[in-house]
Amino acid sequence: MRARRAVSVVFAVCGAAFGTWLARVPAVQDRLALTTGQLAAGLFGLAAGSVVALLLAGAVITRIGSRAAAIVGAAVLCGGLPLVAVAPSVPAFVAALVVLGVGNSTLDVAMNAHATRVEDGYGRPVFAGFHAFWNIGGLAGSGADALMETWHVPVTVHFPVAGGVLLAVGLWAVRTGFLRGPDRGQGGPAFAWPGRALVPLGVIAFCGFVAEGAVNSWGAVYLSEVTAAGPAVASLGYFAFSVTMIVVRLGADRIVARAGAISFLRLASGVAVGGFAVVLAALGPVVGVLGFALVGAGVAGIVPVAWSVAGRRWPDAPGRAVAAVAACGYAGFLIEPVVIGVVAGWAGLRWGLVSAVVVTGVVGVVAPVLREGRGLRR
């Protein structure tokens with residue numbers, strides 16, 4: 001139980017740290033007087049750091065274990081916040097975001113790898129609940145950011161304080177609650193191909209992150225441009241999406257335990273596609289917000305289930321398995337917003353969002369392939 005609480009806290013710390021950065025992007029942009037192109041360069045640095053760390057995370061965990069990797073990831077992620085805040089120039093800003101991306105991905109994979117170890121001890125699904133705490137942390141970080149904006153606290157003060165507090169909480173949780181001893185597969189080959197058993201899980205994670213990326217990047221824009229929502233109402237789309245994700249993730253483990261991963265993924269895919277259909281058909285902002293809430297309810301469990309099953313599919317080295325599936329997932333998170341933008345520029349934002357609907361529906365098609373794995377039910 002103590003390990004479960006500790007991992008939940010670390011998930012919340014990761015979500016809060018990343019949410020702290022996301023909510024104050026405009027303030028950082030104003031401080032450095034960044035052009036759109038310069039901000040885009042920084043975001044590319046964030047993505048590049050994230051991808052590189054994802055590719056190396058499996059090897060790092062194999063060498064030092066998920067517990068030590070979580071400490072490293074937390075230190076780099078929380079240390080990246082003040083670096084972003086005090087960056088004196090555009091190159092320094094880009095470099096700071098690379099650091100932030102490396103820290104985020106390292107901690108993300110490490111805490112998920114450790115979560116598989118905790119779940120093994122329970123003998124039943126508990127994985128989705130961890131991801132709920134990531135969303136809770138993200139909302140908490142965004143809420144704190146709103147207060148900082150209201151109180152006119154500059155990012156040069158906010159980010160160092162937030163980074164220091166979150167690092168202290170994260171390190172305390174890891175040191176006092178994470179399981180000790182080596183992970184399964186620790187000390188083995190640093191690089192190894194996970195095998196074909198993880199391919200469908202990589203596809204499912206990719207599709208789940210596509211839906212999340214679509215809503216994160218384009219949800220507010222869609223409500224504003226297509227349904228004529230005002231700024232306040234447009235922001236409610238992501239809020240409703242996040243709230244339903246938290247609620248479903250807190251209860252998803254019980255559903256998976258009773259119905260099995262395959263049936264759960266089919267249901268989740270259907271609910272998410274239905275939510276996108278409501279969004280696409282919406283003529284007003286209220287219906288659009290309700291649609292995004294339904295998307296959140298459907299998408300909520302897709303990625304946690306994929307990562308949980310990955311750890312069981314490759315029991316000799318669950319850390320490498322989680323890293324491999326995570327890399328596939330984050331590829332979808334990075335690619336889909338760009339695809340939507342390209343299609344939207346050609347045929348409109350409604351058609352751009354259709355691509356997310358199609359990809360999310362693939363989850364239900366691929367899910368039955370998992371029946372070949374161990375410990376899964378229809």
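**Helix packing and a buried cysteine**

Cys207 sits in helix H7, which covers residues 199–226. The model examined here is a predicted one. Is this cysteine buried or exposed? With a relative accessible area of 3%, Cys207 falls under the 20% cut-off and is therefore buried. Part of its surroundings comes from another part of the chain: Val359 lies 152 residues away along the chain, yet the C-alpha atoms of Cys207 and Val359 are separated by 5.6 Å. Once neighbours within four places in sequence are left aside, Cys207 is in contact with Val359, Thr360, Val362 and Val363.

Helix H8 can be followed next, starting with its partner H5. Helix H5 (residues 127–150) and helix H8 (residues 231–259) pack with their axes 7 Å apart, at an angle of about 155°. Because angles over 145 degrees count as roughly antiparallel, H5 is roughly antiparallel to H8. The crossing in which H5 passes H8 is left-handed. Which residues of the two helices meet? On the H5 side they are Phe127, Ala128, Gly129, His131, Ala132, Asn135, Ile136 and Leu139, and on the H8 side they are Phe239, Ser242, Met245, Ile246, Arg249, Leu250, Ala252 and Asp253. Sorted by class, this contact of H5 with H8 holds 10 nonpolar, 4 polar and 2 charged residues.

Helix H8 also packs with helix H10 (residues 285–299), where the axes come within 7 Å and cross at roughly 30°. Since angles under 35 degrees count as roughly parallel, H8 and H10 are roughly parallel to each other. Here H8 passes H10 in a right-handed crossing. From H8, the residues taking part are Val233, Leu236, Gly237, Ala240, Phe241, Thr244, Met245 and Val248; from H10, they are Pro285, Val289, Phe292, Ala293, Val295, Gly296, Ala297 and Val299. By class, the contact of H8 with H10 has 13 nonpolar and 3 polar residues, with no charged ones.

How many residues of H11 are buried? The count is 11 of 12, which leaves the helix mostly covered. The buried residues of H11 are Ile302, Val303, Pro304, Val305, Ala306, Trp307, Ser308, Val309, Ala310, Gly311 and Arg313.

Technical notes: Residues are numbered from 1 along each chain as its sequence is written. This is a predicted model: local features need pLDDT of at least 70, side-chain atom pairs count only at pLDDT 80 or more; totals for chains, interfaces and linings use all residues. Side-chain values use heavy atoms; hydrogens and water are left out. Axes are lines fitted to C-alpha atoms, for helices over the stretch in contact, and angles run from 0 to 180 degrees between N-to-C directions. Helices (H or I, at least four residues) and strands (E, at least two) are DSSP runs, numbered from the N terminus. Angles under 35 degrees count as roughly parallel, over 145 as roughly antiparallel, 65 to 115 as roughly perpendicular and the rest as oblique. A crossing is left-handed if the near helix is turned anticlockwise from the far one by less than a right angle, and right-handed if clockwise. Contact means heavy atoms within 4.5 Å. Ala, Val, Leu, Ile, Met, Phe, Trp, Tyr, Cys and Pro count as nonpolar, Asp, Glu, Lys and Arg as charged, and the others, Gly among them, as polar. Buried means under 20% relative accessible area, exposed over 50%, partly exposed in between (1.4 Å probe, protein chains only).
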